[in-house]
Amino acid sequence: MIEVNNLHKSFGSLHVLKGITEKIDESEVVCVIGPSGSGKSTFLRCLNLLETPTSGEIRIDGEKVTDPKVNINKIREEVGMVFQRFNLFPHMTALKNVALAPMKVRGLPEKEAYDRARDLLKKVGLEDKANVYPSSLSGGQQQRVAIARALAMRPKVMLFDEPTSALDPEMVGEVLNVMKDLAKEGMTMVVVTHEMGFAREVGDRVLFMDDGIIVEKGTPQEIFFDAQNERTKSFLSKIL
Amino acid sequence: MSLLASYIEHAVAVFPSLLRGAVITIEVTTFAIFFGLILGTIAAFGKLSKRSFFKIPSSVYIDFIRGTPLFVQILLFYYGIPGLINGLTGEVFRIDPIIAGIVVCSINSGAYNAEIVRAGIKSVDRGQMEAARSLGMTERQAMKDVIMPQAIRLIIPPLGNEFIALLKDSSLLAIISVHELSKNGMLYVSKTFAAFPTYISVAFVYLALTMGISRILNHIERRLGVSDRSE
């Protein structure tokens, strides 16, 4: 589903990604962990070209997204993204947040888009909040709306950039539950996270990144209980 | 007591002329607000553009206008430009003072508006554009449906201040004999030497006008706030 080949990204003189090569299969849930500044968010943001890779190749569903001739917007329609700080549109109700892109990008008729949005809000357990503005929602609720918003485009892949890091602890669970349901339905997911519980329970594989490269990868079991690399061990010892 | 009586007499006598001036002031200001908004929006997007073809002219325009006095801009446009054309072509070129006033005020106001609009757009959280783009929206769609509706609420209050400043600054057009409010006051004083009652009347008419603009702007602000909620 996603193939990344020797991906590099620099911001000016700062070399953030130093050659990432990775293959993610359909329906796979891959968790990316690593210390801050390791490049995991940048890696994720390169996958839907929110950051333009400096060099290397990314293919999503066979399509070479790093091709300069490619229509970036078309790619992004297939790749949903959930942000750490939700980034809901504050001037729209929860329902409109979800319905906007299908109407504007996919050209869905209004009624259909709103029906779809209502279904998705129901799916994330927020059907009763359809007409509420984001400012009146809790962090956990906002993040669930954000997930529904991304799903409204019926993406093939979902990217999660530390989706629970900005949440109060008691709201982490509700968001993770939505993500677990999604994983069960067979969504291909790449999740930058520090939620080891989630990674262990739902993740098919874990990538440990440090200093712009994937230092170690394996099943959650292998990474969390049988890490081989010193850097992985030292990182895990700090967070577990 | 006779002093007060004569002051009141002058204030009453000058009033019709001040009202005619106020009409010109409102006319010039209204046109300048309208064209200034268009210019300002274009210049704001120009300056935000990544392409230097748009960015450089916008920056030069904004810096030049904001870095020079309106008074000098009025003189330059009304006397300087016709003089230049005359020198180049040998033809006599005249501009109607009111037209010149509207043009200069629009250009002047546009530069300030540009910075207000730009700042408003800039202060919308970056994550908003990223979220919109990540959903497959084009930059234009994101700007229209996501960024601008949020920016406008930040833009309206400072823009209102700018309109009030513009109305007051239009008094400088007296120098090119636009018969606006101040000029009509000056003309009356030059005939009667009744400076105090005339200029205090002029001041109060300006005050009434600026308070009027404030009321209208407050109304618009409230309407925008409300319509955003009930959309």
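Helices (H or I, at least four residues) and strands (E, at least two) are DSSP runs, numbered from the N terminus. This is a predicted model, in which local features need pLDDT of at least 70 and side-chain atom pairs count only at pLDDT 80 or more, while totals for chains, interfaces and linings use all residues. Residues are numbered from 1 along each chain as its sequence is written, chains are lettered from A and ligands numbered from 1 in the order of writing, and side-chain values use heavy atoms, with hydrogens and water left out.

B:Arg133 belongs to helix H5 of chain B. With a relative accessible area of 17%, B:Arg133 is buried, a term that stands for under 20% relative accessible area, as against over 50% for exposed and partly exposed in between (1.4 Å probe, protein chains only). Leaving aside residues up to four places away in sequence, B:Arg133 touches A:Asn73 and A:Arg76 as well as B:Thr138, B:Glu139 and B:Ala142, where contact means heavy atoms within 4.5 Å.

Between the chains, 25 residues of chain A are in contact with 24 residues of chain B. The area buried between chain A and chain B is about 2000 Å², of which carbon and sulfur atoms give 51%; buried area is the accessible area (1.4 Å probe) that two parts lose on being put together, summed over both. On the chain A side, A:His91, A:Lys104 and A:Tyr133 lose the most area to chain B, together 28% of what that side buries.

**Pockets**

On a 1 Å grid over the protein atoms alone, a pocket is an open set of points where a 1.4 Å probe fits, with protein on both sides within 12 Å along at least five of seven lines, and lining residues have an atom within 4 Å of a point. Grid points are joined across faces, edges and corners, and a volume is the space filled by probe spheres set on the points.

| Largest | about 1200 Å³ | B:Leu48, B:Lys50, B:Met129, B:Glu139 and B:Met143 |

For the classes, Ala, Val, Leu, Ile, Met, Phe, Trp, Tyr, Cys and Pro count as nonpolar, Asp, Glu, Lys and Arg as charged, and the others, Gly among them, as polar. The lining of the largest pocket has eleven nonpolar, two polar and 16 charged residues, and its largest share, six residues, comes from H6(B). In the second largest pocket the lining has 16 nonpolar, four polar and no charged residues, and the largest share, seven residues, again comes from H6(B).

**Covered elements of chain A**

Strand E9 (residues 205-210) of chain A is mostly covered, with six of its six residues buried: A:Arg205, A:Leu207 and A:Met209 lie on one side, and A:Val206, A:Phe208 and A:Asp210 on the other. Two strands pair if DSSP finds at least two bridges between them. Strand E3 (residues 29-33) of chain A runs parallel to E9(A) and is joined to it by four bridges, with A:Ile33 standing opposite A:Phe208. Five bridges link E9(A) in the antiparallel sense to strand E10 (residues 213-218) of chain A, where A:Lys217 is the bridge partner of A:Leu207. E9(A) and E10(A) form a hairpin with two residues between them, and A:Asp211 in the turn has a positive phi of about 55°.

Helix H1 (residues 40-47) of chain A is largely enclosed by the rest of the structure, because seven of its eight residues are buried. After H1(A) comes A:Leu49, with a positive phi near 60°.
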